[in-house]
Structure formats: C-alpha cells, structure tokens
Amino acid sequence: MNNSIVTEFMILGLTQNPELQGVLFIVFLCIYLVAFFGNGLIIIVIIYNTALHTPMYVFLLALAIVDIICTTSIIPKMLGTMLTSEKSISYGSCISQLFFFTWSLGAEMVLFTTMAYDRYVAICFPLRYSTIMNHYMCVALLSIAMVIAVTNSWVHTGLILNLTFCGPNNIDHFFCEIPPLLSLSCSPVRINEVMVYVADISLAIGDFSLTCLSYGFIIAAILRIRTAEGKRKAFSTCSSHLIVVSLYYCPVIYTYIRPASSYSFERDKVIAALYTLVTPTLNPIVYSLRNKEMQTGIQKVFAFLKH
C-alpha cells in the first residue's frame with residue numbers, strides 16, 4: 001500500500017538552460033518522429049506482406065511494437081516539459097510511465113536474444129531451420145519474452161509503490177526511472193536495489209551473454225563461407241547488429257548494477273538517452289530498412305497506397 005505524501009513529481013529534464021532546451025526539443029522531436037514512423041512502417045509492411053510472415057520478421061514486428069511503446073511512454077512528456085513551464089507529473093502518471101518503460105526494457109532485451117538465436121539457427125542449421133523455428137517455437141519464444149517483461153515490470157513497479165515519498169519531489173531526470181525515484185524515497189530502498197541488481201545480472205548481463213554467444217557461433221559459421229563477397233556481407237550485417245545491441249545492453253548494465261547512492265544524474269541522464277531514445281531509432285534502420293526483403297515489402301505497400 002502506498003503511504004506517500006507526495007502527489008506529484010517535478011521532471012527537471014536534461015537541462016535547465018532555456019536556449020539549450022529549444023535545440024534539444026527539435027533534436028528529440030526528430031528522433032521521436034523517426035522512431036515512431038520507422039517502427040510504424042515496419043509493422044505495416046510485415047503485417048501487409050504475407051511473404052514476411054516468418055519467425056525473423058515476426059520478432060522484428062514485436063521489437064517495433066516494443067520500441068514504439070518505449071519511446072511514446074517517455075518522449076511526448078519530455079517534449080511537453082521542454083516546450084512549456086509545466087514540468088509536473090502526477091504520482092499515478094509517473095508510476096504508469098515507469099511500468100511501461102520497465103516492461104519495454106525487459107521485452108527488448110529478451111527479444112534481442114530471441115532474434116540472435118533465430119539468426120543462429122538460420123545460419124548454423126539452415127536445413128533444419130523450418131523444423132526448429134516452427135510456429136509453436138515462435139509463439140513459445142514470444143510468450144516467454146512477454147511473460148518475463150511483464151513479471152520484471154510488475155516486480156519493480158510494485159516495489160516502488162511500497163516506498164514512501166515525503167519530499168523533495170524533484171526528479172533529476174527526463175522521465176520516471178527507478179534510480180532517480182529511489183533517491184527520493186524516505187523509506188529504505190535496500191530490497192529495491194537488490195531486485196534491480198538481480199534483474200540486471202539475470203536479464204541484462206544474461207541476455208547480453210547469450211546474444212554474444214549466438215553471434216559468436218554465427219561468426220564462426222561465416223568464416224567457413226568460401227566467397228569473399230559472402231563473408232563481407234555477413235560480417236557487415238553481424239557487426240551492425242552487435243553495435244546496436246551493445247549500445248543498448250552496456251548502458252543498461254552500467255545504470256542498474258550500481259546502488260542508488262552512487263548515481264550521478266547529470267552523467268546518467270545522457271547514458272539513459274542511449275537505451276531510451278537512440279536504440280529504438282536505430283533498430284528500424286539496422287534490422288529492417290537495410291534488408292532487401294523489407295525494401296521489397298515497403299515498395300509493395302507504397303504501390304498499394306498509390307492505387
């Protein structure tokens with residue numbers, strides 16, 4: 001049960017400099033539009049094209065939905081605080097934002113691992129791919145990802161709800177995230193820190209290790225490719241995927257593995273921007289829009305719209 005005296009929080013944002021806020025507003029508006037329409041285009045193209053109804057593209061569809069939820073739960077409110085002097089967010093809205101962000105964080109990490117496993121099976125066991133990655137396996141992997149994400153989100157949101165906030169109410173961040181909320185709590189946060197640490201070890205480090213392991217096997221398989229052109233294309237794809245994955249996992253691991261007392265919000269706000277804003281924007285470009293099958297699907301959608 002929540003016994004908090006605080007009924008609303010003040011989101012301080014990335015900076016208090018009015019001139020810099022104007023520049024950041026334009027930058028983050030562009031980032032949000034690219035992320036929203038890029039991921040939205042992927043969703044439409046995959047749903048519209050039956051040729052793309054395969055495990056790889058179903059996982060990409062799920063990732064695009066998660067990215068839209070992640071950015072939409074954070075950026076519109078952040079843009080609103082930059083544009084107006086209204087920086088308050090109600091206690092309930094803050095908890096809702098925390099829930100959806102934590103859910104998308106967990107879902108994205110498990111989906112990255114699932115997608116890496118899918119590519120591992122496709123490249124290392126091409127003749128058995130359709131047997132291994134059948135409809136039931138695809139549904140099972142997506143269900144596991146969603147159950148883990150929801151469980152992770154409910155645990156952390158529930159623990160935050162048990163904390164007492166009696167003031168101050170200034171969140172030195174651009175959204176309601178666990179670390180800044182823990183720093184405002186008037187009640188002990190030890191159990192919260194322990195659960196965040198457990199989630200970071202099991203979800204972030206665990207998933208990152210499995211993802212890297214899958215790509216390790218993939219790279220070993222690529223080295224057996226005889227043609228130089230085939231190796232170049234495969235390495236190009238793997239390297240871009242690993243860069244995006246690392247840009248997501250490394251900041252998350254860094255942020256959540258430390259106790260609340262060690263946070264430096266001026267620095268950590270910038271780090272948080274990598275996994276909340278940058279990665280969801282890069283995902284459509286790296287995973288889908290460079291893909292020939294996706295490009296063909298996009299052309300079909302635009303051709304349909306013309307008629």
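Guide: Happy to! Let's start where α1 (18-48), α2 (55-83) and α9 (265-289) each supply at least two residues of the lining of the second largest cavity. These helices are DSSP runs (H or I, at least four residues), numbered from the N terminus. This is a predicted model: local features need pLDDT of at least 70 and side-chain atom pairs count only at pLDDT 80 or more, while totals for chains, interfaces and linings use all residues. Residues are numbered from 1 along each chain as its sequence is written, and side-chain values use heavy atoms, leaving out hydrogens and water.

A cavity is a set of points, on a 1 Å grid over the protein atoms alone, where a 1.4 Å probe fits but cannot get out; lining residues have an atom within 4 Å of a point. The second largest cavity has a volume of about 30 Å³, a volume being the space filled by probe spheres set on the points, which are joined across faces, edges and corners. Around it sit N39, I42, L60, L63, A64, D67, N283, P284, Y287 and S288. Six of these lining residues are nonpolar, three polar and one charged (Ala, Val, Leu, Ile, Met, Phe, Trp, Tyr, Cys and Pro count as nonpolar, Asp, Glu, Lys and Arg as charged, and the others, Gly among them, as polar).

Searching the whole structure turns up two cavities of 30 Å³ or more. The largest holds about 110 Å³ of space, and its lining includes T102, H156, D200 and Y256. Helix α7 gives the most to that lining, with four residues.

Key
1 Å grid on protein atoms, 1.4 Å probe; cavity = no way out; pocket = protein on both sides within 12 Å on 5 of 7 lines; lining within 4 Å.
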